[in-house]
Amino acid sequence: MSDSNTTPLRPPYPAIALLSAAALAYEILLMRLFSIIQWHHFAYMMISVALLGYGAAGAMVTLAQNPLRAHFTAAFATAAGLFGATALLAFLAAQQTGFNALEILWDPRQLGRLALIYLLLLVPFFCAAVALCLSFTQFPAHIPRLYAADILGAAAGGLGVVILLLTVRPETALQLIALIGLAAGALVAWRGAARRTAVGLAVTAAVLLALPASWIALKPSPYKELSQTLNVMGARVVAETSSPLGVVTVVENREIPFRHAPGLSLLATTEPPPQLALFTDGDGLSAINQFDGRWEPLAYLDFLTSALPYHLLERPATLILGAGGGADILQALALGARRVDAVELNPQVVKLVQEQFGAFSGRPYSLPGVRAHLGEARGFVEATDQRFDLIQVALLDAFATAAAGLHGLAESYLYTVEALQAYLNRLNPDGMLAITRWVTLPPRDALKLFGTALAALEANGADDPGARLVMIRGWNTATLLVKNEPFTTGEIAALQTFAAARAFDLVWHPGMSPEAANRYNRLDRPHFYEGAAALLSPERAAFVDRYKFAIRPATDDRPYFFHFFRWETLPEVLTLKDRGGLALLDWGYPVVIATLVQALVASFALTLLPLWLFRRREPTAGRGVGRVALYFTALGLAFMFVEIVFIQKFILFLSHPVYAIAVVLTAFLLFAGLGSRWSNRFASAGTARRAVGWAALVIAGLALSYALALPPLFRHLMGLAEYIKIGLSVLLIAPLAWAMGMLFPLGLARLAARAPALVPWAWALNGFASVVGAVLATVLAIHFGFIAVVGVAVALYLLAAAGFPESGSAGVPTA
Amino acid sequence: MHFAPLIGLLLWLGATGGVLADEFAERRQQLSAEIAALARQTAVETGRREFDPQVMAALERTPRHRFVPAAQIPHAYANRPLPIGHGQTISQPYIVALMTDLIQPQPEHKVLEIGTGSGYQAAVLAELVEQVYTIEIIEPLAVQATKVLEDLDYANVQTRVGDGYYGWEDAGPFDAIMVTAAASHVPPPLIAQLKPGGRMVIPVGARFLTQHLLLVEKQEDGSLTTQQILPVRFVPLTGGPS
């Protein structure tokens, strides 16, 4: 430690930016890694809680600031280096815990394993945050610039990880991020002449690079679809590609064919042709059919519920949303579509189907009459001026995922009222929209979809929506058809013939008699028909209210189609656990609430405890603590609220989830960083309070007008070229983020002048509030919608500004 | 005299073994009583308010602890699904009872099972019917289950490793078929191998979470009817019809 006493005169800006970049990249990467080995939900939960490491570090620095400050160089370098090392090691250890999310309500040990994962992941975030927080404490006079370096680094990290995931596998990205952390530490150690620390970090880097590949390999849960498929004799992976959209895996089995035909009629006598199985992140099985130009082996495609519209339409010009492995394209062509426009989000999927396995698949995306479009489905529909006779929304998600309610949190802009309106507006006269969903029992998806279609028809001005809807179901899929005009008697006759020939049940058609329901796949009651009829009756609101699952239609403001959970149902479901009732529980929402509760409890404990200890030591230091707490908590919550809502709004506009997040997050952080630097000019002068007030007003004005005006504006601008839309998004975000970036450093600089010892504590509070804010934003959006979340954020900003102390008001005198 | 301690040890061991065996039997009975009580609380669509006493007796005779991995033995008689390795599970005993009850097994029946898994369901069936044929697609599981079934002297169970999609043609047709493996659709060859009057049951859902059961009945005239049965009594409307 002899060389650790040197303290640089200037903050180590490059190292801070580098470390901040690595930490944010790590956070995003963990989300990817856990989505591959587990399920998205639990990934969300683990990472939110792990982020509390930021707050915990603030608490630690508050209590130990004197020794840490005395050895700044060594402390920063060691903490940054430990971040690097533990970023990799904590994840590898977390993989070994054997945590099984599916067993969590059966086996109490799983809770222990989950807690262990939290603790493991907390370590790297804690280490990174100790280094960052210590810098703020060490250099109080440089706070706005420090914050700028921190946040600009994070911006680079957010963008960098997307680029990284485009070029290397996630495991490799993990190693690289670990190395960046070590490099940040080494940079400071070298500059501060702490040579031994620098050598130690270099050795650690060498060790991490030398870890055997088998240690670093991802170990997916054995309960994911891909793992299950690979257990079968003869199964082998024949291709794997990775991108920010996910890891796509193709599996072949020459011994035991896949025969993926969800919803196949019991009366079908033919089996599917040879297939390759295609998985995204080890789930969401989609089949690539062997196609050699002969249609007979594809006869099974006519025995799915999704074949219905082809029996009601004459050679339709068809749009397929989510074409995946190509089965829906082949179905359309086999059943007489004269033209097919196929939209697929993931270019790697199209490339695999068309190129590497082109000889097997018969290249469905380039068959005569087929046009392929790479892009997000909703965005394509909003932007196109083409008209179609049929729009097919394919079954994109996995049944097991749907059945276990594992999607509850995922925003989806495919199944909202506005989305269905947009589809209907792209139909030719007498055209049809067809949507196929998994059957869950008691009915959830099917009724929610039916209600959403009703709302869309009503919003489009249809006075008799019941005449424009039909729905059928098999034992595991249901298909809904919607028209802008009433269904004709001829169409209804064709529907009845189609369903009877395949033993599919009628859920609803205009003029249907109750006796026609529930004939083939019998339920104890005709739940589907009764539900549809209730939704069409004047009692709709009461029915939705009394239903034990959340089936209120999703909207762009509350895009949670897969959220079915209701608190009222929970006690009943839990008592049914012994009788196999747990499948009635939708996981998404309880996981979010559990995350929120955990985050709140940990935040309170880790905020109040150090404050209490600190006050015992220095009784005078705590004056004005309430105001400090209010200011930094409000800012942490509000920043996350605004950021999360606008990421969602821009996802819809930029119509690509990953790139939208990268653009929006980077723009937010970049301009917030610049705003922070700019705020420097107000920090020293006596104008801080006015600057804070103006910034809060600008935020309030912009955020509210964006929340209200952007959705309709975006709808008009959807057709613009992608780069113009990105440029426009950045322009819109810039002033908002600029103002948002000013408030935190101005507050912290003021605090540094008045009560420097509280700087790390305030930093910790802000960290906690950010984590709680991220989770709380989702909960509020599920219940009240995004506009409400923005409203709350604006109120918090105004509250924070109002609470900002007057210049020279009472407080701890400056040093 | 020298042997006295040894004899004492042997006696003690014997006694312990006896206690263990008894303990398992006792726990099996408790589980069976628990399931019977649950069945009475649940009116499943079969219209029967309790499971067939023969089915319950079979559950009481079948040593579930022999079919689970060593680490799971303490939970063998808990009413919950258990992992058995290779990403597979042994179903919740209540669901096993319900599925077994739904195919209405008779002593003269020939039953096909697709997805041997641990072999437990096959053993329960073997207690009830004349002959059980069971196919497993995951080789190590098939080997393990075959060994346990042999060790327990289930002579009326025939096992096979391989693809269950085409059933077991030379042994068919069957009085009942139980598909315990995940399936995106009901394989047409299995329907063909079901006798007129036969019943087929398939669990639908994710691992550890059976959402509902699909019961396919082949009428005497060869036509099919299917029922989707929730394992629980659950009315989706509050204050609605029950």
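Here are a few questions and answers about a predicted model with chains A and B.

Trainee: Which strands sit at the edges of the open sheet in chain A?
Mentor: Start with the layout: four strands in the order 1-2-3-4, with antiparallel pairing. An edge strand pairs on one side only, and that picks out strand 1 (235–243) and strand 4 (283–289) of chain A.

Trainee: What stands opposite A239(A) in strand 2 of chain A?
Mentor: Strand 1 and strand 2 (residues 246–253) of chain A pair in the antiparallel sense, over eight bridges. In that pairing, the residue across from A239(A) is V250(A).

Trainee: Which helix lies across strand 1, strand 2, strand 3 and strand 4 of chain A?
Mentor: Look for one running at about 130 degrees to strand 1 of chain A. That's residues 347–356 of chain A, helix 14.

Trainee: How much area do chain A and chain B bury between them?
Mentor: The contact takes 65 residues from chain A and 59 residues from chain B. On chain A's side, W106(A), W475(A) and R579(A) supply 16% of the buried area, more than any other three residues. Carbon and sulfur atoms carry 60% of the total, which is about 5,200 Å².

Trainee: Which residue of chain B forms a salt bridge with R259(A)?
Mentor: The rule finds one salt bridge across this interface. Its closest N and O atoms are 2.6 Å apart, inside the 4 Å cut-off. The partner of R259(A) is D163(B).

Definitions and conventions
Residues numbered from 1 in each chain as written. Chains lettered and ligands numbered in written order. Predicted model: local features only at pLDDT ≥ 70, side-chain atom pairs only at ≥ 80, totals over all residues. Heavy atoms only, no water. Pairing = 2+ DSSP bridges. Helix = DSSP H or I, 4+ residues; strand = E, 2+ residues; numbered from the N terminus. Contact = heavy atoms within 4.5 Å. Axes fitted to C-alpha atoms, helices over the stretch in contact; angles between N-to-C directions. Buried area = accessible area lost by both parts, 1.4 Å probe. Salt bridge = Lys/Arg side-chain N within 4 Å of Asp/Glu carboxyl O.
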